[in-house]
Amino acid sequence: MPVQIMSAQEDIISPSEESLLDPRQARSFGEALTLWFKQAARDLPWRRQRDGYRALVSEAMLQQTQVDRVKEPFERFMTRFPDVLALADGSEEDVLALWQGLGYYRRARLLHAAAQVIRDQHHGVVPQDAATLLTLPGVGRYTAGAIASIVFGERAPIVDGNVARVFARFATRSGRPGDRDFDAWCWTLASSVALNVAEPGVVNEAIMELGATVCRKHDPDCAHCPVREACLARASGETALYPEVRVRATRTTMHHHVLVCIRRTTSVSAPEVLLVQRPEKGLWARMWQPPSLESKKELMSGTVTSRFALRREPLDLQRIEHRTTHRDIIFHVTRPDVARMTEFSEADLLTALGSPVSRWHLADRLDELGLSNPHRRMIDVAVSESTDQS
DNA sequence: AAGGCGGGGTT
DNA sequence: AACCCAGCCTT
């Protein structure tokens with residue numbers, strides 16, 4: 001008998017539809033996916049050896065980040081912090097540096113904090129059950145369920161973007177991810193799967209893998225889907241209609257007026273760049289960058305130079321556009337003439353910018369610190385041009 | 001419940 | 001140019 005969604009009887013208190021796979025159908029669904037996964041699974045770094053720590057690190061990196069972008073940073077991270085105690089004892093600066101380029105840098109600090117909780121409250125052993133994992137910083141119900149089920153075999157459900165897409169198509173369920181009813185339906189369905197299949201961790205990972213490689217958002221490869229016979233969207237040719245599109249946040253534009261100061265203490269020494277640490281909260285929290293002013297609108301050149309405590313016009317101004325999901329940032333990069341560096345007071349400059357924490361750092365060792373990609377790039381450009389001139 | 005949080009690949 | 005991604009935390 002093919003796998004089919006069965007509607008549960010109406011709940012008097014909650015009239016919202018609750019769909020469940022009955023146990024027999026869940027087992028059939030899981031069996032098909034298990035067989036498929038065992039021959040179709042990609043070779044990924046965190047799958048080669050399974051343990052709680054590797055799962056914790058990989059799942060943190062994979063939050064809202066595509067698999068291909070995580071492979072290299074994961075290997076780097078595991079080399080530098082091979083176990084949870086090494087991570088817990090590491091500095092936040094090193095952790096942020098290793099997170100370079102991954103984005104959503106708060107994840108790095110939360111992972112660091114989680115490692116310290118594990119060291120201090122769990123005898124240095126990564127918890128193995130979803131309920132305890134859920135108490136760790138940066139670990140939500142998806143991450144807790146993923147580690148508990150995939151590594152330790154717990155019957156814990158997981159729903160990520162892939163799972164939601166597979167379920168929505170399989171059952172032609174209307175609604176959009178992020179919508180309360182839709183999300184609750186997904187978690188209910190995931191629970192009925194986890195509770196009834198032989199290997200819940202394998203099936204959980206298989207559903208995600210299916211969503212990532214076969215049941216793709218665009219151009220799904222239904223011909224190679226192990227559950228195509230039971231998929232309602234496939235039957236009606238409506239895979240493109242599920243799930244419904246998520247409502248998008250509006251994007252705002254910000255202007256960052258950046259001063260890239262480069263010095264050489266002697267003519268032969270390597271160049272150094274002046275860096276400040278960003279505030280505790282907000283964009284690129286506690287990461288390093290050249291001093292800057294941020295504003296909604298572009299500041300006049302005179303305003304910038306006076307606020308920067310510079311008496312003369314800067315030599316050049318480079319415009320760099322950087323876009324993220326939530327904002328467009330236009331960097332206006334000013335590079336003071338090295339010969340004029342003595343004409344302003346570094347302390348006055350930093351006071352004017354409200355940047356209490358600063359340091360001169362070797363420009364060829366930026367990989368020791370956490371810097372955003374655009375800041376790293378603009379420093380590299382400035383250093384290479386200053387080297388050309390000398 | 002809604003908004004903030006990166007960056008790059010894909011369409 | 002717009003979309004999305006192995007989500008989570010804060011307000």
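I take partly exposed to mean a relative accessible area between the buried limit, under 20%, and the exposed limit, over 50%. The model I am reading is predicted.

I found Arg286 in the loop between strand S5 (272-277) and strand S6 (288-289). Its phi is near 60°, a positive value in a non-glycine residue.

I then turned to Tyr104, where phi is also positive, near 45°. Tyr104 sits in the loop between helix H6 (92-98) and helix H7 (106-121). At 45% relative accessible area, Tyr104 too is partly exposed.

Next I checked the peptide bond between Tyr242 and Pro243. That bond is cis, with omega about -15°. Pro243 belongs to the loop between helix H13 (232-236) and strand S3 (252-259). I flagged these entries because most residues other than glycine have a negative phi and most peptide bonds are trans.

**Sheet**

I traced an open sheet of four strands, ordered S7-S3-S9-S8, with mixed pairing. S7 (292-295) and S8 (317-323) are the edge strands; each has a single partner, so one side of each lacks a neighbour in the sheet. From one strand to the next, the twist averages 20°. I followed S8 to S9 (residues 327-334): they pair antiparallel over seven bridges. Leu317 has Thr334 of S9 as its bridge partner.

From H1, the contact uses Pro23, Ala26, Arg27 and Phe29; from H11, Ser192, Val193 and Asn196. I noted four nonpolar, two polar and one charged residue in this contact.

How values were computed: Residues are numbered from 1 along each chain as its sequence is written. Chains are lettered from A and ligands numbered from 1 in the order in which they are written. This is a predicted model: local features need pLDDT of at least 70, side-chain atom pairs count only at pLDDT 80 or more; totals for chains, interfaces and linings use all residues. Side-chain values use heavy atoms; hydrogens and water are left out. Contact means heavy atoms within 4.5 Å. Helices (H or I, at least four residues) and strands (E, at least two) are DSSP runs, numbered from the N terminus. Ala, Val, Leu, Ile, Met, Phe, Trp, Tyr, Cys and Pro count as nonpolar, Asp, Glu, Lys and Arg as charged, and the others, Gly among them, as polar. Two strands pair if DSSP finds at least two bridges between them. Axes are lines fitted to C-alpha atoms, for helices over the stretch in contact, and angles run from 0 to 180 degrees between N-to-C directions. Buried means under 20% relative accessible area, exposed over 50%, partly exposed in between (1.4 Å probe, protein chains only).
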